[in-house]
Amino acid sequence: MESVNGKRAQEEAGPSDGTKQEMTEKVSDAWDDDKVEEEEVDEEEEGGIGDSKNGFFVPGPLVSLKEQIERDKEDESLRRWKEKLLGCLESDLDGQLDPEVKFHSIGILSEDFGEIVTPLPVEENRNGSNLFTLREGSRYQLKIKFSVLHNIVSGLTYSNTVWKGGLQVDQSKGMLGTFAPQKEPYVYALKEDTTPSGALARGVYSAKLKFEDDDRRCHMELKYLFEIKKNS
């Protein structure tokens with residue numbers, strides 16, 4: 001009987017989470033509203049591109065774009081087709097194997113103010129200050145401008161992690177794609193998001209935006225601050 005009464009009393013008492021944790025969970029839940037869980041994409045096996053060892057796909061050796069173009073240098077039409085396809089000229093290639101992604105700017109698109117563009121890297125005098133301010137419940141997109149150098153960058157992905165008060169409240173991930181070197185920089189808008197609403201959602205947030213390729217090379221890691229204000 002004592003055991004039953006003790007269990008009943010514990011159920012009536014409810015959870016004993018701290019106030020700070022409850023606030024964080026509410027903010028996180030508000031941020032996650034209307035979000036769709038990302039589907040996992042199965043990788044398809046491609047025959048004839050690499051070797052299989054112990055059931056695992058082993059890619060072939062990395063070859064520079066300059067070497068690939070020079071292989072068919074005697075075929076003028078094929079060489080021009082490759083240059084058109086890759087968006088670069090042979091004179092722009094240096095034979096370096098590893099690709100490099102150079103980020104020029106980050107922009108914020110919002111119904112509140114249109115677009116704000118910040119050159120990269122962020123100036124030292126702006127470190128510790130808000131990169132942008134948004135109203136609660138407003139839609140926005142991050143937009144990046146970047147160039148690819150030396151070689152094709154494959155499977156470029158991003159992750160954007162957000163904290164408030166030192167506790168993680170949101171994380172989004174996405175695939176940008178595969179990009180070849182070209183004279184003009186690429187401009188890419190990340191998927192649209194909506195800021196949370198409510199008194200607990202207002203305040204200053206810290207975030208980290210990271211870009212990696214399918215070889216796990218980190219091409220940029222940007223830490224920044226932003227603020228969510230009351231929708232007046």
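1. Which side chain does Ser-147 join in a polar contact? The partner is His-104, at 2.6 Å between the two side chains; a polar contact is a pair of N or O atoms within 3.5 Å, where, within protein, one must be able to donate a hydrogen and the other to accept it, and residues adjacent in sequence count only if both atoms are side-chain atoms.

2. This is a predicted model, in which local features need pLDDT of at least 70 and side-chain atom pairs pLDDT 80 or more, while totals for chains, interfaces and linings use all residues. Residues are numbered from 1 along each chain as its sequence is written, and side-chain values use heavy atoms, without hydrogens or water.

3. Ser-147 counts as buried because its relative accessibility is 11%, buried being under 20% relative accessible area with a 1.4 Å probe and protein chains only. Beyond four places in sequence, Ser-147 is in contact (heavy atoms within 4.5 Å) with Glu-100, Val-101, Lys-102, His-104 and Pro-185.

4. The whole structure has two cavities of 30 Å³ or more. A cavity is a set of points on a 1 Å grid over the protein atoms alone where a 1.4 Å probe fits but cannot get out; lining residues have an atom within 4 Å of a point.

5. The largest cavity holds about 110 Å³. Twelve residues line it, with Tyr-140, Asn-160, Ser-172, Lys-191 and Asp-193 nearest its centre.

6. The second largest cavity holds about 40 Å³. Its lining includes Ile-106, Thr-118 and Phe-132.

Conventions: Buried means under 20% relative accessible area, exposed over 50%, partly exposed in between (1.4 Å probe, protein chains only). On a 1 Å grid over the protein atoms alone, a cavity is a set of points where a 1.4 Å probe fits but cannot get out, and a pocket is an open set with protein on both sides within 12 Å along at least five of seven lines; lining residues have an atom within 4 Å of a point. Grid points are joined across faces, edges and corners, and a volume is the space filled by probe spheres set on the points.
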